[in-house]
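I opened this structure to look up a few things for myself. These are my notes, in the order I took them.

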Amino acid sequence: MSHSCRLLCGFLMSCIGWTGIIIATSTNDWVVTCKYGMHTCRKMDELETKGLWTECVISTALYHCLSLNQILDIPAYIQTSRALMVSSSLLGLPALALVLLAMPCVKLSQETEGTKHRRAVLGGLLILFISLCGMVSTVWFPIGVLHEDGLMSFGFSLYAGWVGSAFCFFGSSVMICCSRADGPSQNPENRYYYSKHSGVTNSGPPINSHAKSAHV
């Protein structure tokens, strides 16, 4: 039962984390940039938001977004963050499918516990890779924006990426380190004890002898 609970806990944390990474990848509220200072920009209505796919200008009467379609003109940190986040989103489905098939309640034909354990570890390694990709993207992107555009504050998408990466990391750790089933209990028939007179003796039930005494 504890083995099933550990796998289920890791699976649920990974699902939550993968959802957070998908939200971060598909939305564009990563950072809010400002050239003069956040308080001054709010008064002047010159706040800008930047994400993986668009760059928007926010003001009281205007909300204009510019798509980042020119690949050759996009900075390297945006292109790398895109590639890592898209890879994380695509790898999440096969990784969670592997973990789901490793559940004790799912039975495939003629598979052993060792096969289930290897499947759970492989799914956990994929989810660990997903979490590392999310961490690198959500840390490198704001650093790149800070060097390029100056002052900024973090947006909702960046927080979703951080939380998703953390959940994927903890979920994968549970599945990699704790996915092996508890050891089987020892069969009482295979227990042995030591006697001073007869040495090692089997504690199981006595073996019936087929030789019987002849009775007249």
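Predicted model: local features only at pLDDT ≥ 70, side-chain atom pairs only at ≥ 80, totals over all residues.

I started with charges and found K50, E55 and E148 linked in a network of salt bridges. I counted a salt bridge when a side-chain nitrogen of Lys or Arg lies within 4 Å of a carboxyl oxygen of Asp or Glu. Residues are numbered from 1 along each chain as its sequence is written, and side-chain values use heavy atoms, with hydrogens and water left out.

How many salt bridges does the structure hold? I found two. One joins the side chains of E55 and K50 at 4.0 Å, N to O. The other joins E148 and K50 at 3.6 Å, N to O. E148 lies in helix 4 and K50 in strand 2 (residues 47–50), so this pair ties together parts that are 98 residues apart in sequence. Helices (H or I, at least four residues) and strands (E, at least two) are DSSP runs, numbered from the N terminus.

Is K50 buried or exposed? K50 counts as buried because its relative accessibility is 5%. My cut-offs were under 20% relative accessible area for buried, over 50% for exposed, and partly exposed in between (1.4 Å probe, protein chains only). E55 is partly exposed at 26%, and E148 is partly exposed at 42%.

I stayed with E148 and checked its contacts, meaning heavy atoms within 4.5 Å. Leaving out residues up to four places away in sequence, E148 touches K50, P75 and Y77. E148 and T33 are 115 residues apart in sequence, yet 9.9 Å apart in space, C-alpha to C-alpha.

Next, the rings. Y77 turned up again, in one aromatic cluster with W30 and F141. Rings of Phe, Tyr and Trp (its six-membered ring) pair if their centres lie within 6.5 Å; planes under 30 degrees apart count as stacked, over 60 as edge-to-face and the rest as tilted. The structure holds six aromatic pairs. One of them is Y159 with W162, edge-to-face, 5.5 Å centre to centre and 80 degrees between the planes. These two residues are three apart in helix 5, so about one helical turn separates them. F169 and F170 also form an edge-to-face pair, at 5.8 Å and 75 degrees.

With L132 and M135 they make a nonpolar patch of about 350 Å². Patches are made of residues with over 30% relative accessible area and no salt bridge: like charges are joined within 9 Å, nonpolar side chains (Val, Leu, Ile, Met, Phe, Trp, Tyr) within 5 Å. The areas come from the Shrake-Rupley method with a 1.4 Å probe, and for residues only the protein chains shown count as cover. Helix 4 (113–149) and helix 5 (156–178) each supply at least two residues of the patch. M135 sits in helix 4 and is partly exposed at 32%.

How many disulfides are there? I got zero, taking a disulfide as a pair of cysteine sulfur atoms within 2.5 Å. For C168, the nearest cysteine sulfur is that of C15, 9.0 Å away. C168 is buried at 1%, whereas C177 is exposed at 63%.

Last entry: L90, in helix 3 (residues 76–101). L90 is exposed, with 61% relative accessibility. L90 and I22 are 68 residues apart in sequence and 9.2 Å apart in space, C-alpha to C-alpha.
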